[in-house]
Structures are given as structure tokens and as C-alpha cells.
Amino acid sequence: ILETMKDDCHLHGRSAEESILLNSYFASLSLNADSPASVILVWGDSGVGKSKIAESLRPHVLEDDGYFIRGKFDQLSCFGDMALSLESHTNSSHVPYGGIASAFVEYCNLLEERGCEAWREVAEKLKREIGMEEGRVLFEAIPALKRIFICNENSRGESSSSCHENVFQFHSDTIHAQYRNNNIGYFLLEEEEKKQSDRSLESRHDYTEIRLHRLNHLLKKFIHAISSVGDPIILLVDDVQWADLSSLELLRNLIQGATSPFTFIFTYRPIELSHPFLQMIAELEHTRITKTEIHLRNLGEKSVYDLVESTLNIDPKKARGMMPRTHEEMKFDNDERVEKCTSLKTLTHEICNITNGNPFFIKQQIIYWIGQGLLALDENDQWVWDIDKIRESNVLGDVVSMILEKIKMLPVSTKSALTI
């Protein structure tokens, strides 16, 4: 039954926000090449679709031969400034810059797909910005970058295929090593490990601080070089409310180093104005960056109706709940598109009361009802439900209760394994 649910790419009830996002992107393309980068802030409660609306920009960027790259922070990132405290470095979530490193690797991979001409242009820009010794530091931090330089040196006049054969390939024996070699933070941590046995705790912190400042400076030059090529680059960073202080300082440097048409998109949940990220943005506004802010709220009932109709792939004329229809409930929508089926309208109203219009919870509530048999397909593959039984059932009030309900439905062996 779940396979009949449609993974809807359409953003219901977000036309105004989509227009703001698109206008901001197109405006960045019209700025002078030496103009500061653009910054787009997308914020709202968990589950309102911040990442989804940001991702809606991807096809437009690709259509303009641009790059759409993405990083993400998690909650463990904010437990202390890991640039200064390296005690938990075995946990990848605690690696400095962990939320940003993957975006640089993604950029290199996308560049590789475009062939040597694209690589050569970027490599030449980088060589004008970064010296040999600085390049070595960057290679160790982002091994994927070395492929760009090697390609540039070995492939002048060669075909794209022969270029690829000469590209430096980093081999690793374990999954952990492969992740490590793609992560800036592990570079910092491993370099520190080589020397920490002979250093006091205070001197180790000082040494790491120096390396962080150096790498910050080099990545600022790197971002300036790739943005000066002229191709649109969108860097989406999700959940910056969890960013550690070292990563925020890097983001500051990247924003200051990038030029148009580079655009940063940051998504985050509601946070206090005193949060370090918002303080950083406020300070950067004095440097002439172009800032756009989009506040995503929960959906209204009409948009929820459209989302439910689309998710379940329902034809409103054929949908039939088991609740009788009254003349009062038979109404036309304001746009007079189609007569709404009473039962679907009633179901939508119930979903709105339960989820408050949160798109994520709407889908999870629907899945829960399907699992409980409260929403089902009949012999004609049409959705049916009993609104009275739905009203009597338990509801998923928040993320915690939703997870607990799902855990309860797991097999005993699985639940036992989770307790280990």
C-alpha cells in the first residue's frame, strides 16, 4: 500500500517562498563579478520543508551550468568547540568542519564529471591564488582537490578519457579511512595526533588553533578562486543551528572570500538572536553581502488538502471515506477547479487539527494510519477510511511520540537489539 503513496516533488503552498528564492538567485547572476556573495536564510520549525524548498533551486542551477553542493550539521556538532577539544575525535560527528567538508568533495566530483576543460580552468585559477606549499596543505585536507591539479599538469592536449586515466586516485583499505580522507576535520586531527604525544595539552590546543587559522585562510582563497571562474555555485548548508564555533568561523571566511555568482543557502530552526550564527550574519551585513530571508510556516488547510490528495494520489471525484456526505459539505473551491469530495475534505480537516499543517508530520500521520489499517485501499484501489475510527485513534503529537510508536510496531528481536 505504501508504494501507492506518491513522493511528491511539488511544493504545496510555497509559491511565494519559491518566487523569493528564485528572484534572489537570478539577482545574484546579474551582479558584477567582484560583488560579494549572496546569502539566503531559510528558517522554520522542524519538518516544514526548509531543505526541500532550497533543493527546488537545483534544476535551475544545473540548467545554468552551475554547481549545487550541500553540507549538513548534526546535533552532536554543537557539543563544544571541537577545534579546541580533540578528546572525542574518534566520533565523526565531532570532527571540525564536518558539516562543510562533504560539500567541497561534492564540488570536486562534479567538476570531474565535466571533463578536463573545466578542471583546467579551475586549476589555473587556484594556482594564481595558492602557492605550492599551501596547495599541499589543501591536498591533505581535501584529497579530491589533488585530482584537479594532477589533471591540469598531465593532460594538456589530451582527451578527456586519457585525462581521467592520469588523475590521481586515492586508495583506502577501509570505509573509515575512505571517510577520513574525504574530511577536512580528520586532516586537522591526524596532524595533531602525530605531535600530541610530545606536547602539553595547552600547547596542543595552541598548535591546533594555528592550523585552523591557516586552513581557514587557504579555504577562503580556494572559495575565491572557484567563484571567480564565473559559473553559478550554490552551497546549501543544512541545520546551521548545530554548527560548532570553528565551523562558523570557517563559514564567515568562506562568505567573505566568495564573489558573485556564489550563493550560500543556510537552513535552520528558530534560534535566538544571540545565537553565534545570527550574530555572524549580522556582522557580515556590514560588508555589503546580499541577504535574503525566507521564513517557512506550517501549511494552511487548502495546501494540506492538496498535499494529501497528491501524496495518496487521490482523484477527488473517486475518493470515498465511509462518512456520509451532507449538502453543506458539498462545496466548490475558490479556484473552482473541481468539486471537493466531502470525505477527503473532512479527512484533511482532521489532519490539520492533528499536525497543525506541518508537512513532515502530515506524511508521517498518514503512514501511521495506513499501518494501523485506518486508511486502506479497496478492491478498486481507491482509498477508504472511517473518520470516526480515525478520531478515536492515537495521534502522533511530536517527533518523540512518533518514533516511540514506530518502535512499538517493530519485531521483538529488533526492539531487543535496540536496547543493547
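Student: Leaving aside its neighbours within four places in sequence, which residues is F277 in contact with?

Tutor: F277 touches L41, V240, L248, F266, Y268 and I271, where contact means heavy atoms within 4.5 Å. This is a predicted model, in which local features need pLDDT of at least 70 and side-chain atom pairs count only at pLDDT 80 or more, while totals for chains, interfaces and linings use all residues. Residues are numbered from 1 along each chain as its sequence is written, and side-chain values use heavy atoms, with hydrogens and water left out.

Student: Which residues have the most contacts inside the largest nonpolar core?

Tutor: They are F222, F264, F266 and F277, in a core of 57 residues. Helix α11 (residues 201–227) gives the most to this core, namely eight residues. A second, separate core has 23 residues, including W369, L375, I387 and I390.

Student: What makes a set of residues a nonpolar core?

Tutor: The set must consist of buried Ala, Val, Leu, Ile, Met, Phe, Trp, Tyr and Cys residues joined through side-chain atoms within 4.5 Å. Buried means under 20% relative accessible area, exposed means over 50%, and partly exposed lies in between (1.4 Å probe, protein chains only). By that rule, 48% of the 420 residues of the protein count as buried.

Student: How many helices and strands does the protein have?

Tutor: The protein has 19 helices and seven strands. Both are DSSP runs numbered from the N terminus: helices are H or I with at least four residues, and strands are E with at least two.

Student: Why is α4 called oblique to α5?

Tutor: The axes of α4 (residues 98–113) and α5 (residues 116–129) come within 7 Å and cross at roughly 130°. That angle makes α4 oblique to α5, because angles under 35 degrees count as roughly parallel, over 145 as roughly antiparallel, 65 to 115 as roughly perpendicular and the rest as oblique. The axes are lines fitted to C-alpha atoms, for helices over the stretch in contact, and the angles run from 0 to 180 degrees between N-to-C directions.

Student: Which residues make the contact, and how many belong to each class?

Tutor: Helix α4 contributes Y107, L111, E112 and E113, and helix α5 contributes A118, W119 and V122. By class, five are nonpolar, none is polar and two are charged. Here Ala, Val, Leu, Ile, Met, Phe, Trp, Tyr, Cys and Pro count as nonpolar, Asp, Glu, Lys and Arg as charged, and the others, Gly among them, as polar.

Student: How do you know that E55 and R70 meet in a salt bridge?

Tutor: Their side chains come to 2.7 Å, N to O. A salt bridge is a side-chain nitrogen of Lys or Arg within 4 Å of a carboxyl oxygen of Asp or Glu, and the E55–R70 pair therefore qualifies. E55 lies in helix α2 (residues 50–55) and R70 in strand β2 (residues 67–72), so the pair ties together parts 15 residues apart in sequence. E55, R58, R70 and D238 are linked in a network of salt bridges. A search of the whole structure finds 12 salt bridges.

Student: Why is R70 called partly exposed?

Tutor: R70 has 29% relative accessibility, and it therefore counts as partly exposed.

Student: Which residues form salt bridges with K291?

Tutor: E285 meets K291 at 3.4 Å, N to O, and E293 forms a salt bridge with K291 at 3.8 Å between the closest N and O atoms. E285 is partly exposed at 38%, K291 is partly exposed at 31%, and E293 is partly exposed at 42%.

Student: What makes helix α14 mostly covered?

Tutor: Nine of the 11 residues of α14 (residues 301–311) are buried, among them V304, Y305 and L307. N313, which follows α14, has a positive phi, near 55°.

Student: Why are N356 and D381 called exposed?

Tutor: N356 has a relative accessible area of 56% and is therefore exposed; D381, at 57%, also counts as exposed. N356 lies in the loop between α15 (342–355) and α16 (359–371), and D381 in the loop between β6 (375–377) and β7 (383–385). Phi of N356 is near 60°, a positive value in a residue other than glycine, and phi of D381 is likewise near 60°.
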